[in-house]
Amino acid sequence: MAGGEPIGALIRRLRQERGWSQSDLARKLNDAAGGTPTLDRQHVYRWETGRRTPRDWLPFLAAVFRVDVEVLERATAAGKVATPAPTPTVADFLPEGDPLAPLAVREGRRIGASTVADLNSRVHGLRLADDVVYGRDLIGRAMRELRSAVTLYRESTFTDDTGRQLLQAIGELAQIAGWIASDAGQHEDAERIYRLGLSAAHQAGDTTLAGNLLGSLAYQVSNVGDPLEAVAMARAAADEATDAPPRARALYLDRVAWAHTQAGQQQPAMRALGEAGEAITAHTPGTEEPDYLYWVSPEELHVMEARVYTELHRPLRAVPLLNDVLDRYDASHARELALYLSWLAMALADANEPEGAAATADRMIRMSADVASDRTDGRAQVVLKRLTDFRDVPEVATLLAEFPATG
């Protein structure tokens, strides 16, 4: 059968017409099927994006949507002729319900611009702290700040303009708190925090901030989840933030490149890298942009580019970029320096330079010994496992004797 609405698009349209979330539909299908619940939001997401076909669930979909099963069967057949699935948007990744819903009766004090300014100051202080204090050492402070900010929003009274600014502050706080939670290895908490922040940014109408939050979540999912879902997230983040300033566009496109890299999609990754490079060249001093972009620079983008080349096993491109940046990198940022050294070690191993890789890995591991970061812990093990291929090289043997690869 040619043409017609494919099953993913049909499910999405029917769900949205009824005002249901993806989790709502999953619950209704579980109820219709009886027994132990087997579906969750991710199943519905995969159907709607064309990555899975709900063949065994068509009768239950027909029941909950109250449509003839033949309609769904025709849509399933239409999906076989390469009808493109709907492109996900930021709205598809919002949290279920509204975690920022005000209390039915707000009895808190009335707040104004000075309260929001104070919160913004603390948020930026938390960002700066994350440069030198890491995940497990910073997560308690980050969570306290976030809980306090959400309580302030839900319980206080304020003007519409103050409310919008407060939502933006919560979104920015959620981005750095989510990053810290991820750095502490608390990935489920990080995802909830990112989605809460995404809701705040969406309600505030701040597409640049929404792009930062969804892109941050995409980065985590690229590393510890489904890279193909991360591609959809990262692309939705970049597509939403079309009016973002150049450094934001560069950052979001780099996350697209990283997601494609982790999904094994080399050419799309390279294209996104090129787009990111073009975006950052448009940045000029004095460009109006959010404070949270302070760290994005051509040098940081070169490191991100080098990581992609390393993952794609192109060391001749990765090594010069990493050496150039690391020679000038701020040594007080121990976590980032250790992470970037880990990619240099991997690139040197790919270049069949095990002695250099071992020396770089040794420096990386010793530098990160007191860094309370799940990221550096994980990268150290990745590097050590890679170097086991060279265990007969004396320098590598010495390193592995002191720091054995585990797992």
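Tutor: Let us begin with a definition: helices are DSSP runs of H or I with at least four residues, numbered from the N terminus. A residue counts as lining a pocket if it has an atom within 4 Å of one of the pocket's points. Please note also that this is a predicted model.

Student: Which element gives the most to the lining of the largest pocket?

Tutor: The largest pocket holds about 1000 Å³ of space, and 40 residues line it. The elements that each give two or more residues to this lining include α6 (113–130), α8 (160–183), α10 (207–224) and α16 (334–350). With 6 residues, the element that gives the most is α10.

Student: How many residues in the lining of the largest pocket are charged?

Tutor: Among the residues nearest the centre of the largest pocket are Trp 179, Glu 336 and Arg 375. Glu and Arg count as charged, whereas Trp counts as nonpolar. Over the whole lining, 16 residues are nonpolar and 10 are polar, and the number of charged residues is 14.

Student: Which element gives the most to the lining of the second largest pocket?

Tutor: The second largest pocket has a volume of about 390 Å³. Of its 18 lining residues, those closest to its centre include Pro 95, Glu 191 and Arg 192. Two or more residues of the lining come from each of α3 (41–48), α7 (135–155) and α9. The element that gives the most, with 7 residues, is α9.

Student: Why is α16 largely enclosed by the rest of the structure?

Tutor: The helix α16 has 17 residues and reaches 24 Å from its first C-alpha to its last, close to the 24 Å expected at 1.5 Å a residue. A residue is buried if its relative accessible area is under 20%. The helix α16 is largely enclosed because the number of its 17 residues that are buried is 16.

Student: Which residue just after α16 takes a positive phi?

Tutor: The helix α16 covers residues 334–350, and the residue in question lies just after it. Its phi is about 60 degrees, and the residue is Asn 352.

Student: How many charged residues line the largest cavity?

Tutor: The count comes to 1 cavity of 30 Å³ or more, and about 40 Å³ of space lies in the largest cavity. Its lining is made up of Arg 12, Gln 22, Tyr 45, Glu 48, Thr 49, Pro 88 and Asp 92. By class, 2 of these are nonpolar and 2 are polar, and the number of charged residues is 3.

Conventions
Residues numbered from 1 in each chain as written. Predicted model: local features only at pLDDT ≥ 70, side-chain atom pairs only at ≥ 80, totals over all residues. Heavy atoms only, no water. 1 Å grid on protein atoms, 1.4 Å probe; cavity = no way out; pocket = protein on both sides within 12 Å on 5 of 7 lines; lining within 4 Å. Points joined across faces, edges and corners; volume = space filled by probe spheres on them. Expected span 1.5 Å × (residues − 1). Buried < 20%, exposed > 50% of the residue type's maximum accessible area, 1.4 Å probe, protein only.
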